[in-house]
Amino acid sequence: MRRDGENIMVILSSPSGVGKTTLTKKIQQKYQSFKISVSHTTRQPRSNEVDGVDYFFVSKDEFKDLIKKDKFYEYAKIFENYYGTLKETVDKAIIKNDILFDIDWQGTKQLSKFINLNLIKIYLITDKKELKQRLIKRNQNSEEELEKRLKAYDEDITHWSDYDYVIINKNLEVCFKQIEQIINSYKKKFNFPQKFG
Ligand code: 5GP
């Protein structure tokens with residue numbers, strides 16, 4: 001993977017339901033330089049999700065074929081489904097844009113192996129009780145799925161130390177400001193331009 005001059009890559013990881021998707025969209029809205037990396041997944045689309053916007057929804061066979069053809073920079077199996085970042089998506093975007101990745105700790109480990117990237121790794125965490133409330137409110141998962149995601153929370157947070165920053169998401173606005181500060185101070189440090197939307 002190439003490092004493209006002044007463009008940066010930001011990974012946002014968290015246990016499921018912490019508010020990451022909202023934050024990535026907020027960052028993209030404010031900073032015109034940012035593109036969200038749209039992953040491929042074998043998971044079924046939720047009612048509000050659009051193919052090609054939220055994910056590229058593919059079958060397991062299609063996904064496995066892409067693995068075989070070495071098309072991914074990283075991929076992982078999460079909750080019985082595959083998720084992955086296509087090389088082509090990143091290689092095209094990084095020429096002109098900063099990139100935001102909403103990927104898990106397994107994908108973060110794989111991307112970290114590419115040295116010389118302008119890569120910032122941020123882990124978002126929330127209180128388990130709050131997370132449960134949020135997942136229930138979201139109401140997009142079955143009871144069984146909810147239990148699975150809560151269990152996964154315990155496993156997921158053990159990987160926080162693989163990240164450059166850990167942010168506690170008590171309030172989305174505060175959290176957003178903290179992410180902005182991290183990105184802006186990184187850009188300032190290396191004298192990279194900041195392009196607001
Ligand atoms: P969800 O099914 O809730 O959209 O996502 C489940 C998990 O998959 C989230 O933690 C999300 O960050 C992760 N994820 C989404 N896309 C990718 C990807 O391309 N690679 C990896 N490793 N994880 C991903």
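Select His40 to begin: this residue lies in strand E3 (residues 40-41), where strands (E, at least two residues) and helices (H or I, at least four) are DSSP runs numbered from the N terminus. The model is predicted, so local features need pLDDT of at least 70 and side-chain atom pairs count only at pLDDT 80 or more, while totals for chains, interfaces and linings use all residues. Residues are numbered from 1 along each chain as its sequence is written, and side-chain values use heavy atoms, with hydrogens and water left out.

His40 is buried, with a relative accessible area of 9%; buried means under 20% relative accessible area, exposed over 50%, and partly exposed in between (1.4 Å probe, protein chains only). Display its surroundings next. Neighbours within four places in sequence aside, His40 is in contact with residues including Phe56, Phe63, Phe72, Tyr83 and Gly84, contact meaning heavy atoms within 4.5 Å.

Now select the ligand. Of the 17 residues around the ligand, Ser39, Arg43, Tyr55, Tyr83 and Asp102 come nearest; a residue belongs here if one of its heavy atoms lies within 4 Å of the molecule. This shell divides into five nonpolar, five polar and seven charged residues. In that division Ala, Val, Leu, Ile, Met, Phe, Trp, Tyr, Cys and Pro count as nonpolar, Asp, Glu, Lys and Arg as charged, and the others, Gly among them, as polar.

Examine the polar contacts, pairs of N or O atoms within 3.5 Å; within protein, one must be able to donate a hydrogen and the other to accept it, and residues adjacent in sequence count only if both atoms are side-chain atoms. A side-chain N or O atom of Asp102 lies 2.7 Å from an oxygen atom of the ligand. For Arg149, a side-chain N or O atom is 3.2 Å from a ligand oxygen. Strand E5 (72-78) and strand E6 (81-86) are the elements that give two or more residues to the shell.

Proceed to the loop between E5 and E6, which holds Glu80. This residue is not a glycine, yet has a positive phi of about 70 degrees. Most residues other than glycine have a negative phi. At 53% relative accessibility, Glu80 is exposed.

Finish at Thr108, in helix H4 (residues 105-112). Is Thr108 buried or exposed? With 1% relative accessibility, Thr108 counts as buried. The Thr108 side chain reaches the backbone oxygen of Asp104 at 2.8 Å. Beyond neighbours within four places in sequence, Thr108 is in contact with Ile11, Ser13, Ile103, Lys121 and Tyr163.
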